[in-house]
Amino acid sequence: MRLRILSFLIAVFSWCAVMGADGEADSFKSAVAAFGDKFYERAEEQLGTFVKSFPNSTNVPQAILLRAQARHFQKDYDGAIELLKSGTAKAGALGDQYALRWGEALSAKGDHAGGAEHVGR
């Protein structure tokens, strides 16, 4: 029960922080700060809100990558892979980082051969 309440409070705080931010740059900066401070659940939520709120931002590829890493650090490897898979088309110059993180998630799941294949791309 406490975990649910804590999750709810984090979600509300994250939503308020992102919605109260002044524009795209502040929203992205807030999410990146949460990630840097190792608040991975908050970062994952804020980055998801950022991508939905600013789908044409040049920061979307980085936001997707960081969101996938946040999921990875929370041991949600399938969720990380899902984000990387769906965001690959937008990855641009970060394509090698997407492949690396995808491979790391596969390896963390125990699929070492698949992980090596993705890292080698």
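Phe73 is partly exposed, with a relative accessible area of 43% (buried means under 20%, exposed over 50% and partly exposed in between, with a 1.4 Å probe and protein chains only). The model is predicted, so local features need pLDDT of at least 70 and side-chain atom pairs pLDDT 80 or more, while totals for chains, interfaces and linings use all residues. Residues are numbered from 1 along each chain as its sequence is written, and side-chain values use heavy atoms, leaving out hydrogens and water.

The structure holds 5 aromatic pairs (rings of Phe, Tyr and Trp, the last by its six-membered ring, with centres within 6.5 Å; planes under 30 degrees apart are stacked, over 60 edge-to-face and the rest tilted). Phe35 and Tyr40 pair edge-to-face, because their ring centres are 5.4 Å apart and their planes stand at 65°. Both Phe35 and Tyr40 are buried, Tyr40 at 18% relative accessibility. Tyr40 also pairs with Phe73, at 4.7 Å between centres and 35° between planes, so this pair is tilted. Since Tyr40 belongs to helix H3 and Phe73 to helix H4, the pair ties together parts 33 residues apart in sequence (helices are DSSP runs of H or I, at least four residues, numbered from the N terminus). Elsewhere, ring pairs join Phe28, Phe50 and Phe54 into a cluster.

Helix H4 (residues 60-73) also holds Arg67, which counts as buried at 18% relative accessibility. Beyond its neighbours within four places in sequence, Arg67 is in contact with Glu44, Leu47, Gly48 and Leu83 (contact means heavy atoms within 4.5 Å).

Note on methods:
Helix = DSSP H or I, 4+ residues; strand = E, 2+ residues; numbered from the N terminus.
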